[in-house]
Each structure stands twice: as C-alpha cells, then as structure tokens.
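Reader: I am new to this structure. Please show it to me, and then let me ask about the terms.

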Amino acid sequence: MKSYNLINGNFISLEQDFTNVKSISIQDGKIVAINNPIKNVENRDLNGSYVIPGFIDAHFHIKNYGKRLQQLNFKGVDSLEKIAYMVENKIKQINHGDWILGFGWDQNLFSDKQFPQQNFLNKISPNNPIYFTRIDGHSAWVNDAAIKFTEFEINDFKNINGGDIINNCIVIDNAMNPFKNHLPKESVQQVKDWIKIAIKEIISKGITGVHDAWQDTTTIQAIKELIQENQFPIRCYGMAAGNDKNLLEKFFKNGHYADEYYSIRSVKAFIDGALGSRGAALHEPYCDDKNNCGLILITKEEFNELVQNCYKYNFQLNTHAIGDRGNHFVLNAYGKVLKFNNNRRWRIEHAQMVSDSDLIQFKNHSILPSMQPSHCTSDMKWLPERLGDHRLKLISRWQSFVDLGLKIPGGSDCPIEEGNPLFEFYAAVTRQTHDNWPKEGWQPQEKLNHCNALKMFTTWAAYGGFQENHRGKIAIGYDADLTVLSNDILSSNGQEILDIKIINTIINGKIY
C-alpha cells in the first residue's frame, strides 16, 4: 500500500495532543507520523485545504439508498398532480401487472396537508400494484391492486397490532408487513448492485464509514461478497435485523463479526413509528388527531426477550424510538438490565422526543442518544400543529444531552434525509432550514457549538460503534480515514457551511 505525506494543509485533529498539526504521514492505511514527514515518499500538497477525521454517518441505510435511487422519487414533490404525472409515465415503461415502487412522498407538502384518498391511485393504475413508502419509512401508500395480493380485507389492517390504515390506502407501520412478502424479491446480486451505487454517492459526500441500521441475511451476504471482490471500500458497522430470530441466533452463537471494513456487534429494533405519519408513541394524543397516541410496534414480552438476549451475548442493542412514550418504553426496558455505569453503549436511535424526566435516564444507564439533526429541521414547520407549543421543547434535545455529558453519535437516516454530513452539521449548529428560517433557530437552546457538532459525525460516531481507539480522530496509529474540505468547518457559519466542498475522501489511506 502506498505511503505518502499530507502537507500544507489545515488539520483539525480533534485530539488534544495534536492541536498544531502541520503534516501527517500515512503508511499501510494508518497514520504513522504527525509533524515528522516520512523521507523518500510522495508529498501531497493540500494547498491550504482543511482535513478532518473522516465523516462517519452513524445511522444510514446503505442498501435502501442504492435501491431508492432506482425507484420513483417523490422527495420534495408538493402536489398530487405531479405524482400522477410521474406514475403515468412509469406505467408506460413497464408491463401490465408489474409492481410500481416509489418512496419519499410527504402529505405535509401538499396544499391541504391531508393523506391521499383511496381512489387517486386506483384511477391511475387499476392493473399495476403500487407500493410507495412515505418519507419516514413508517407508512406506505398502496392501491387496490396491491391490497389484492395480501388477501386482506380493509378492516383486517385495522386489527393488526402496531398498525393501522387511513383512507383505505395508507398503511401505517405493522400494517405494511402483509405487503412485504409480495413485493419483488431481492437477490444478493441486486443488493450488491444497489450497495455499489450507494458507495459512490457516500464517498462523494466525504463519508468514510456508515452504521447500517438494519441488515438482513441478504444484505450481510452481499457486503461480505463485495469485500471478497474488493468492491467495498468504505467502513461499515452493521446492525443485525432484530426481527430475524434465525439470524440473531447465529450471531449470538458465533459472537461479534469483524474485519478491516465490516463489523457486526449490534442489533436494531423498532418500538414506535414516526411523527410524520402519527405513528410515534406519545404520552398525550396528537393535537391534530385527538384520538391517536401513536403505536407501539412490539409487545413488552418480545422486546424484553430481545433485551435479555443482547445483554447475555454482549451485543449492543440499538432501538428506534421517536415519541416520548416510545423513548420511555425503551429506557425502562434497558434500565432493568443495564443498571448503572456500564460500557454496553446501548443506543436509542433518533431519541427525537424525550421528556424532562427521561433525560436523566440516558445518563443513569449509560445509554447513547443516536440522533439525526436534519430530522429536526425537516419536521419543525409542521410540529406545532401536530404536538402543540407545550411539547416543542422535547424535540431534538442535543444540547440537553451534551450538558449531561453524553456523546451523541450523529447520522442522517439516509435515504430518508439526503445523507450529506455538511447538511447534518448545518442543522446541528443552526436548527434552521437552508434559507435561514427561523432567524435565531428553532428551539435555539438546543443548538450545538461547532466542535460538538463535528464530534457527532467523527469521534462520537466512532464511540457509538466501539471504534474510538482507531477512528474518529487524527492521531498516530489511527486509521487513515480522512475528509478534505475546501474551508474551515469550525469557523464557517450559515451559508458558508453549505458552500463547503468535499475535496477528497480518504479511506484506509486510499484517496478518492
């Protein structure tokens, strides 16, 4: 592997011992020297660019990112008329009876902010089954042709625990499950192709590693094959699918899996849905749906069994919880086995709405809030109507967690969000949209300073994957995973952050 020195750059090491770095030397994929260039190797002149520890996205969906780049993309589409046009064009390109898949729609962008009616897709596509996942991934918009495959009656969907159906065409959370056995099957080769598409985009955004938040057997096999074929150049921390008992039994029996690029020592679970589809579990009803407090997607018995197994076999448990009741549910279950002061690093993924009384439970049980700043800025315009002003302070409590001394692994939840770490950093320090709304930031008491925001996507993300001793900082002996930026991320503000360009992504010493 090639050796070289990086010189004439501005290095942000995030390491107290190296606050005045002038050069770093890389050999065999490692940082081997700082301010002491290796002789007789190439010097790579950075021309004043800024070098940070490589961005790590601590909540990503790598397969889905590549897959959705090949589906109908409704992200940002603000009218049903535009959706109709896209679907009609797609029908012209496919065969009678083929499934039409899409994602990213959001009723909050429509003029009436209402879920679509049953007849809309039926008129456009009476013969092709449709399955369109909402932007949050916690509901799907289907037509009658798709429902026929399930052999369910409409009322059957309402009787599914942890599920619901709205307008006879919007299936919520567990009500999505009956469709999944009928969607086109994913082969290992397809998944490999989707992952390769995703990797190109990931590297272009300056990301050196991802925590992949839900890996089934096919995805795990696909990644292992890509590594064998030398086609998986990024770091990946995998979370095994918590609903696959056969998969978990294999890992619990064999223990943690780890190699240079890929490790699996965690399990992903779901407790509730999302605020956008009113599936997040709340203590009080939704203000715009007075009879609805959201959904709990798994029984206490099932979840407690998973908690006990993860604890017994020393696997990190990372559980999706968004609503205040959902977070309370998980904290209680975690706390019964974790007790106090542990190094298990169990995580709550999203931790989007946390009550005052539950904040301290994160600290008491050493639980990590794994958070995605752009979820806050994506949702904030419609949250007052959904939650009421009295609950807005409970949303995305980044500074409150930092004040408790907690590390926050930061991610994007891509492809739900864009998967751009600069966008996430911007959201963390401004709590604003990209056009600077609101002026002082939304619930500005929870904004982070620049250094802590950067740690979310470097040192704290590495810590969230038990990798803080070799990733997340610029230090001797650490992996040469680096991101080269056009400007200083720590002194840039507002639009200046969004204007920063990715010059290079360096992974295991290889420069992209």
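This is a predicted model: local features need pLDDT of at least 70, side-chain atom pairs count only at pLDDT 80 or more; totals for chains, interfaces and linings use all residues.

Reader: What makes a stretch a helix or a strand?

Author: Both are DSSP runs, numbered from the N terminus: helices are H or I with at least four residues, strands are E with at least two. Helix α7 covers residues 188–204 and helix α8 covers residues 217–228.

Reader: Why is α7 called roughly perpendicular to α8?

Author: Their axes come within 9 Å and cross at roughly 65°. That angle makes α7 roughly perpendicular to α8. The cut-offs are these: under 35 degrees is roughly parallel, over 145 roughly antiparallel, 65 to 115 roughly perpendicular, and the rest oblique. Axes are lines fitted to C-alpha atoms, for helices over the stretch in contact, and angles run from 0 to 180 degrees between N-to-C directions.

Reader: How is the handedness of the α7 and α8 crossing described?

Author: The crossing of α7 and α8 is right-handed. A crossing is right-handed if the near helix is turned clockwise from the far one by less than a right angle, and left-handed if anticlockwise.

Reader: Which residues of α7 and α8 meet?

Author: From α7 come Val188, Val191, Lys192, Ile195 and Lys196; from α8 come Thr218, Thr219, Gln221, Ala222, Ile223, Glu225 and Leu226. By class, this contact of α7 with α8 has six nonpolar, three polar and three charged residues. Contact means heavy atoms within 4.5 Å. Ala, Val, Leu, Ile, Met, Phe, Trp, Tyr, Cys and Pro count as nonpolar; Asp, Glu, Lys and Arg as charged; the others, Gly among them, as polar.

Reader: What makes α10 oblique to α11?

Author: Helix α10 (residues 300–312) and helix α11 (residues 324–338) have axes that come within 10 Å and cross at roughly 40°. That makes α10 oblique to α11. The crossing of α10 and α11 is right-handed.

Reader: Which residues of α10 and α11 are in contact?

Author: Lys300, Phe303, Asn304, Val307, Gln308 and Tyr311 in α10 meet Phe329, Val330, Ala333, Tyr334, Val337 and Leu338 in α11. The contact of α10 with α11 divides into nine nonpolar, two polar and one charged residues.

Reader: Where does α12 cross α11, and with which hand?

Author: Helix α12 spans residues 356–364, and its axis comes within 10 Å of that of α11, crossing at roughly 35°. This crossing of α11 and α12 is left-handed. Asp324, Asn327, His328 and Leu331 in α11 meet Asp358, Gln361 and Phe362 in α12. Two nonpolar, three polar and two charged residues make up the contact of α11 with α12.

Reader: What makes a space a cavity rather than a pocket?

Author: The way out decides. On a 1 Å grid over the protein atoms alone, a cavity is a set of points where a 1.4 Å probe fits but cannot get out; a pocket is an open set with protein on both sides within 12 Å along at least five of seven lines. A search of the whole structure finds three cavities of 30 Å³ or more. The largest cavity holds about 60 Å³. Grid points are joined across faces, edges and corners, and a volume is the space filled by probe spheres set on the points.

Reader: Which residues line the largest cavity?

Author: Among them are Ile56, His211, Arg235, Tyr237 and Asp481. Lining residues have an atom within 4 Å of a point. The largest share of this lining, four residues, comes from β14. The lining of the largest cavity divides into four nonpolar, four polar and three charged residues.

Reader: What is the volume of the second largest pocket?

Author: The second largest pocket has about 290 Å³. Of its 16 lining residues, the closest to its centre are Pro233, Tyr261, Ile507, Lys510 and Tyr512.

Technical notes: Residues are numbered from 1 along each chain as its sequence is written. Side-chain values use heavy atoms; hydrogens and water are left out.
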